[in-house]
Amino acid sequence: PNTGTLGKDGTTLWISFDCQRTPGSDDFYGGLHLNRQWAGHQLFIGSPWGDTKWGFEKNFVGSPEEVANTDCDVRARLVVRLDFEPGDDLVSLWVDPATDYPTTPADASSYMPEIFFNEIYLQSGDAVNGTGFDFDNLVIAAEVDGPRITVENLIAGRYTTLKAFNCEPGHAV
């Protein structure tokens, strides 16, 4: 029923990126949003509003899941595994894991109400003198050995490089 969205039950999606609040910034939040057009935010990954820890949340659904002893002023590699299941979906977060696809217990993990999305964006804000958050090395990959897209040198107002891997010639990416 959600044609054109990601989040099919029985699939797994990995999202990873480097993130840090820009030195000197006082932005209250910053991270990556999974959004469904006309329906709103589905999942936020990063430093949730009003705190400085790394974590994730589904807007208006309980409190954020945060990782103790982390700080958004320190550059970190955030790795999230989304397991789309019938009903609620499992979200697992690692901060600075040893591998790109960790198998160790997650630093934070929680079931969230069903997630469907068709937009991804990076956002920060709500500060008096904010200069934002810095993001880099965004990778989105399916659990299966299928197409993968990476983003390199993601800096606001500058050119970036998108690379697609494991794609079939003549098919949409």
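**Note on the predicted model: patch, cysteines and salt bridges**

1. Ile 149 sits in strand E11, which spans residues 148-152. The model is predicted, and the points below should be read as a description of that model. Ile 149 is partly exposed, at 37% relative accessible area. Together with Leu 162 and Val 173, Ile 149 makes a nonpolar surface patch of about 310 Å².

2. Next, the cysteines. Over the whole structure, the search finds zero disulfides. A disulfide needs the two sulfur atoms within 2.5 Å. Seen from Cys 72, the closest cysteine sulfur is in Cys 19, again 7.9 Å away. Cys 19 is buried, with 1% relative accessibility. Cys 72 is buried too, with a relative accessible area of 1%.

3. Val 67 belongs to a loop, the one between strand E5 (65-66) and strand E6 (76-83). Is Val 67 buried or exposed? Val 67 counts as buried, at 8% relative accessibility. Setting aside neighbours within four places in sequence, its contacts are Lys 53, Trp 54, Leu 93, Val 95, Asp 107 and Ala 108. Take Asp 107: it is 40 residues from Val 67 in sequence, yet the two C-alpha atoms are 6.1 Å apart.

4. One of the contacts of Val 67 is Lys 53. Lys 53 has a salt bridge of its own, with Asp 51, where the closest N and O atoms are 3.8 Å apart. Lys 53 is partly exposed, at 27% relative accessible area. Asp 51 also counts as partly exposed, at 22%.

5. Asp 18 lies in strand E1, residues 12-21. Its relative accessible area is 10%, so Asp 18 is buried, the cut-off being under 20%. The side chain of Asp 18 makes a polar contact of 2.6 Å with the side chain of Asn 137. Beyond four places in sequence, Asp 18 touches two stretches of chain. Arg 75, Ala 76 and Arg 77 are among its contacts.

6. The salt-bridge count comes to six. One of these joins the side chains of Asp 18 and Arg 77, at 3.1 Å from N to O. Which parts of the chain does this pair tie together? Asp 18 is in strand E1 and Arg 77 in strand E6, so the pair ties together parts that are 59 residues apart in sequence. Arg 77 is buried, with a relative accessible area of 18%. Asp 18, as noted, is buried at 10%.

7. Arg 75 and Asp 136 form another salt bridge, with the closest N and O atoms 3.9 Å apart. This pair links distant parts of the chain, 61 residues apart: Arg 75 is in the loop between E5 and E6, and Asp 136 is in strand E10 (residues 133-142). The two ends differ in cover. Arg 75 counts as partly exposed, at 45% relative accessibility, whereas Asp 136 is buried at 18%.

8. Which residues are linked in a network of salt bridges? The members are Asp 18, Arg 75, Arg 77 and Asp 136.

How values were computed: Residues are numbered from 1 along each chain as its sequence is written. This is a predicted model: local features need pLDDT of at least 70, side-chain atom pairs count only at pLDDT 80 or more; totals for chains, interfaces and linings use all residues. Side-chain values use heavy atoms; hydrogens and water are left out. Patches are made of residues with over 30% relative accessible area and no salt bridge: like charges are joined within 9 Å, nonpolar side chains (Val, Leu, Ile, Met, Phe, Trp, Tyr) within 5 Å. Accessible areas come from the Shrake-Rupley method with a 1.4 Å probe; for residues, only the protein chains shown count as cover. A salt bridge is a side-chain nitrogen of Lys or Arg within 4 Å of a carboxyl oxygen of Asp or Glu. Helices (H or I, at least four residues) and strands (E, at least two) are DSSP runs, numbered from the N terminus. Buried means under 20% relative accessible area, exposed over 50%, partly exposed in between (1.4 Å probe, protein chains only). Contact means heavy atoms within 4.5 Å. A polar contact is a pair of N or O atoms within 3.5 Å; within protein, one must be able to donate a hydrogen and the other to accept it, and residues adjacent in sequence count only if both atoms are side-chain atoms.
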